[in-house]
Amino acid sequence: MAFFVAGIALALSACGDGAGSSDTPSAASATTEEATTTVADAPSDSTGFAVDVLPIIENTCARCHTGKGPGTPHLRLDTVADAIENSNLIVEAVGLGAMPPWPASNLSVAFKDDWSLTDAERDALIAWARRPLTDLDPATPIVSTSGIQTLTDVDYEIVPLDGYDGTQDQPDEYRCLIYDLPFEDTTWIKGYEFVPDQTEVVHHAIGYRIGGEHRAAAGALAAKDPGNGGWTCFGSSGLPEQRVLGWVPGIGPREYPEGSGLRMSADDFIVIQVHYHYEVEAPTDFSSLRLDIAGTDELPLDSVDSVRFVAPAEIPCASWEQGPLCDRSAALAAAEAKYGEAGTQANLINTICQASPEDYAHMTDGTASASCDLPVRERGQIVSVLGHEHEIGTSFKMTLLPGTPDELILLDIPDWDFQWQLAYEPVDEIFVEPTDIIRIECSWDRSLRDRDLEPAYVLWADGTHDEMCFATVAIREVAR
Ligand code: HEC
């Protein structure tokens, strides 16, 4: 009951912000404080937990923080007692917006499998966690209402050619591993599941489809680092690639819409970039890829293709920074020396977007932003949308038909989080035509750069400390 009081106070707070007057928001938040106190002091609060708060935890957090869920090494919420014991951590993580991990804002179109909290749920959870009272037996188990599924129809389980064995000496490693496929003819993948092997160190994964003509080059990259599987890679695999698969902790298998699939030519192979984070030592990792393959009786399927939409990434040194690499051409030359021309796309992207470094030269206050409008070039239905920047990204936005009456924000990420690059699947059917425009917008903040790094102009290249700005949109080739 008392939670309804908190709800009303928060609604007022939202109105106060909207009114834009400078003193209203603080007055409103004082009201919220009072309401919170009322909640905590009210003896009737005990029923509020079971009815108003436990379902929130069971619908979102429990998915990853109970049983064998991927968040359990960090926080266990197996019982009500666990939630009470960790209430401070809950206040912090939820208050900061770090948990649950769903960076897309609700300016975006609606997405399937959305485990984010509404503002009211978030406030109810925080209000409870500040004074965690309950009349439930603390031993009451917390049971996920949206367990992580596994792929039901597994035709193949592919393991990497060689596994990767890292150490705590190098806690963060981005490793490209080769997954050869056993197919002799064109094959259609209907669904897949990335199965992390050493779950304590496998952080997230990005998979690329690569043409068979590049298989020897992949082998050569792996051979440069003998004794351990794959090669170090960050911004891209270093081979001509299409980003087609993705995994973050807590997502289950991915299935392409009924009647569609990912086409693999006979010689195509997959490279998966795995982000390893070694807080602990672990045995060699052989994370696998399970595949659900279409039978011949199911063909033909519509092809789902990945289309990349780019914007420039040009982040000049701030006015108070100086050093030889603050010169753009020196930074470009340094990136080319490290990653080759294929791995240093800054000038190419500028050309595509009809931009030039001068457009960004005034951005010397430590932040920068860029945008680019490009035609879709394909006809079909949007299956998923994903944004990509590196570690100093602060926001990402992708808009279909910007500035027209049919404008649609496909993805808005107001607080970019490199660790949680989800491919979001729109609930509604969204169709695109080749001439439709998609606008990509990114922003960056240089204060997020590693402090040990030499000051440098940051531009579009493959390194961890370089930047990128692009969207990958999976489009099903089908007419409206
Ligand atoms: C999709 C999976 C997922 C969901 C849903 C999720 N978490 Fe997490 N959580 C994680 C992972 C993984 C970590 C480890 C840190 C990281 O990767 O960000 C984590 C870390 C945390 C931490 C930090 C623990 C520490 O070590 O300080 C807290 C607190 C937390 N989660 C609370 C919650 C709460 C509360 C909810 C629900 C509102 C929630 N999480 C929902 C996956 C999830």
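Author: Strand 10, residues 288-293, is mostly covered, with five of its six residues buried; buried means under 20% relative accessible area, exposed over 50% and partly exposed in between, with a 1.4 Å probe and protein chains only. Strands (E, at least two residues) and helices (H or I, at least four) are DSSP runs, numbered from the N terminus. This is a predicted model, in which local features need pLDDT of at least 70, side-chain atom pairs count only at pLDDT 80 or more, and totals for chains, interfaces and linings use all residues. Residues are numbered from 1 along each chain as its sequence is written, and side-chain values use heavy atoms, leaving out hydrogens and water.

Strand 10 runs antiparallel to strand 1 (residues 156-158), and three bridges join them; strands pair if DSSP finds at least two bridges between them. In this pairing, Tyr156 stands opposite Leu291 of strand 10. Strand 3 (residues 187-195) is also antiparallel to strand 10, to which six bridges join it. Here Gly191 stands opposite Asp292 of strand 10.

As for the whole, the chain has ten helices and 20 strands. Its radius of gyration, taken over C-alpha atoms, is 24 Å, close to the 23 Å of the globule rule for 480 residues, so the chain is as compact as a globular protein of that length; the rule is 2.2 Å times the number of residues to the power 0.38. Buried residues make up 50% of the 480 in the chain. Among contacts (heavy atoms within 4.5 Å) between residues at least 6 apart in sequence, 83% join residues at least 24 apart.
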